[in-house]
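Please read it with the structure open.

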Amino acid sequence: LLGFLKSNIRYPLQAIKNKTEGIVLVQFIIEKDGSVSNIKVLKEIGDGCGSETVRVLELLNSMKLLWTPGFQGKVPVRVQYTLPVEFEGS
């Protein structure tokens, strides 16, 4: 996932202009079928960084890239994740 995020996130132009850096904290659910749902930005740093993070996570579904769901015993279950995504200028 981290490799996917790094290769698909486009640093928003406004964030580059304003030198916005920091960590966007997102929360989402991996459904029983491996798709991503309920994406929420818990911590926003502004200038489009949160919406860019959501855009890339939504790409997982549109590209049909599925996660392995959680399991309890042999039964697939929904799992909630919280993920920090770092935006750092070069």
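1. Basis. This is a predicted model, in which local features need pLDDT of at least 70 and side-chain atom pairs count only at pLDDT 80 or more, while totals for chains, interfaces and linings use all residues. Residues are numbered from 1 along each chain as its sequence is written, and side-chain values use heavy atoms, with hydrogens and water left out.

2. Overall layout. The protein has three helices and five strands, in the order α-α-β-β-α-β-β-β from the N terminus. Helices (H or I, at least four residues) and strands (E, at least two) are DSSP runs, numbered from the N terminus. The C-alpha trace spans about 50 × 25 × 20 Å along its principal axes. Of the 90 residues, 33% count as buried (under 20% relative accessible area; exposed is over 50% and partly exposed in between, with a 1.4 Å probe and protein chains only). Among contacts (heavy atoms within 4.5 Å) with a separation of 6 or more, 71% are between residues 24 or more positions apart.

3. Gln27. This residue lies in strand β1 (residues 22–30) and is buried, at 16% relative accessible area. The side chains of Gln27 and Thr82 are joined by a polar contact of 3.4 Å. A polar contact is a pair of N or O atoms within 3.5 Å; within protein, one must be able to donate a hydrogen and the other to accept it, and residues adjacent in sequence count only if both atoms are side-chain atoms. Leaving aside residues up to four places away in sequence, Gln27 touches Asn38, Ile39, Lys40, Leu42, Gln80, Tyr81 and Thr82.

4. Ser37. Strand β2 (residues 36–43) contains Ser37, which is buried with a relative accessible area of 16%. Not counting residues up to four places away in sequence, Ser37 touches Phe28, Ile29, Glu31 and Arg78.

5. The structure holds two salt bridges (a side-chain nitrogen of Lys or Arg within 4 Å of a carboxyl oxygen of Asp or Glu). One of them pairs Arg78 with Glu31, with the closest N and O atoms 2.8 Å apart. Arg78 lies in the loop between β4 (75–77) and β5 (79–87) and Glu31 in the loop between β1 and β2, so the pair ties together parts that are 47 residues apart in sequence. Arg78 is partly exposed at 44% relative accessibility, whereas Glu31 is buried at 19%.

6. Salt bridge within a helix. The side chains of Arg55 and Glu52 meet at 2.7 Å, N to O. Arg55 and Glu52 are three residues apart in helix α3 (residues 49–62), so about one helical turn separates them. Arg55 is partly exposed at 26%, and Glu52 is buried at 9%.

7. Largest pocket. Which residues line the largest pocket? The lining consists of Leu2, Leu5, Lys6, Ile9, Tyr11, Pro84, Val85, Glu86, Phe87 and Glu88. A pocket, on a 1 Å grid over the protein atoms alone, is an open set of points where a 1.4 Å probe fits, with protein on both sides within 12 Å along at least five of seven lines; lining residues have an atom within 4 Å of a point. The space in the largest pocket is about 280 Å³, a volume being the space filled by probe spheres set on the points, which are joined across faces, edges and corners. Both α1 (2–8) and β5 supply at least two lining residues, and β5 gives the most, with four.
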